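Please read it alongside the sequence and the model.

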Amino acid sequence: MTDSDTIDTLDDAVAAAAFRRLVRHLQKRHDAQNIELMGLAGFCRNCLADWIRDAGFEGDKMEARAVIHGMPFAEWKDKYQSEATPEQMERMEESLKKNGGEH
């Protein structure tokens, strides 16, 4: 059994509760910039928004981002997003290569 098989056996209610907890955590941690998350883990809040759309969320991209950010994306960006440095962009690009074509 691979790690991906193991996660697929997780009860949907448990997985949903953990996902909601992750989203609430990220909504409180504005200091965790998306570019830093991308550089370290290869995903960010915007990826989560894409993933809920892939999973069947019927809203558009901006509606999905509002769900994940806890406010309209433009508002979140104005309040909390700082300009990415060249070093952060480089780390993100290197991190994304590790995703194997997925994000």
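Leaving aside residues up to four places away in sequence, Met38 touches Phe43, Cys44, Cys47, Met92, Ser95 and Leu96. The model is a predicted one. Met38 is also among the residues with the most contacts inside the largest nonpolar core, and Met38 belongs to the lining of the second largest pocket.

**Nonpolar core**
- The largest nonpolar core has 14 residues, and those with the most contacts inside it are Leu37, Met38, Cys44, Leu48 and Ile68.
- At least two residues of this core come from each of helix 2 (12-28), helix 3, helix 4 and helix 5 (61-69).
- Helix 4 gives the largest share of this core, 4 residues.

**Helix 4**
- Arg45, Asn46, Cys47, Leu48, Ala49 and Ile52 are the buried residues of helix 4.
- The cover over these buried residues includes helix 2, helix 3, helix 5 and helix 6 (73-80).
- Gly56 follows helix 4 and has a positive phi, near 125°.

**Second largest pocket**
- The volume of the second largest pocket is about 210 Å³.
- Its lining consists of Gln33, Asn34, Ile35, Met38, Cys44, Asn46, Cys47, Trp76, Gln81, Ser82, Ala84 and Met92.
- Helix 3 (34-41) and helix 4 (45-54) are the elements that give two or more residues to this lining.
- Helix 3 provides the largest share of the lining, 3 residues.
- By residue class, the lining divides into 7 nonpolar, 5 polar and no charged residues.
- Cys44, Cys47 and Met92 are in the lining, and Met38 touches each of these residues.

Note on methods: Residues are numbered from 1 along each chain as its sequence is written. This is a predicted model: local features need pLDDT of at least 70, side-chain atom pairs count only at pLDDT 80 or more; totals for chains, interfaces and linings use all residues. Side-chain values use heavy atoms; hydrogens and water are left out. On a 1 Å grid over the protein atoms alone, a cavity is a set of points where a 1.4 Å probe fits but cannot get out, and a pocket is an open set with protein on both sides within 12 Å along at least five of seven lines; lining residues have an atom within 4 Å of a point. Grid points are joined across faces, edges and corners, and a volume is the space filled by probe spheres set on the points. Ala, Val, Leu, Ile, Met, Phe, Trp, Tyr, Cys and Pro count as nonpolar, Asp, Glu, Lys and Arg as charged, and the others, Gly among them, as polar. A nonpolar core is a set of buried Ala, Val, Leu, Ile, Met, Phe, Trp, Tyr and Cys residues joined through side-chain atoms within 4.5 Å. Buried means under 20% relative accessible area, exposed over 50%, partly exposed in between (1.4 Å probe, protein chains only). Contact means heavy atoms within 4.5 Å.
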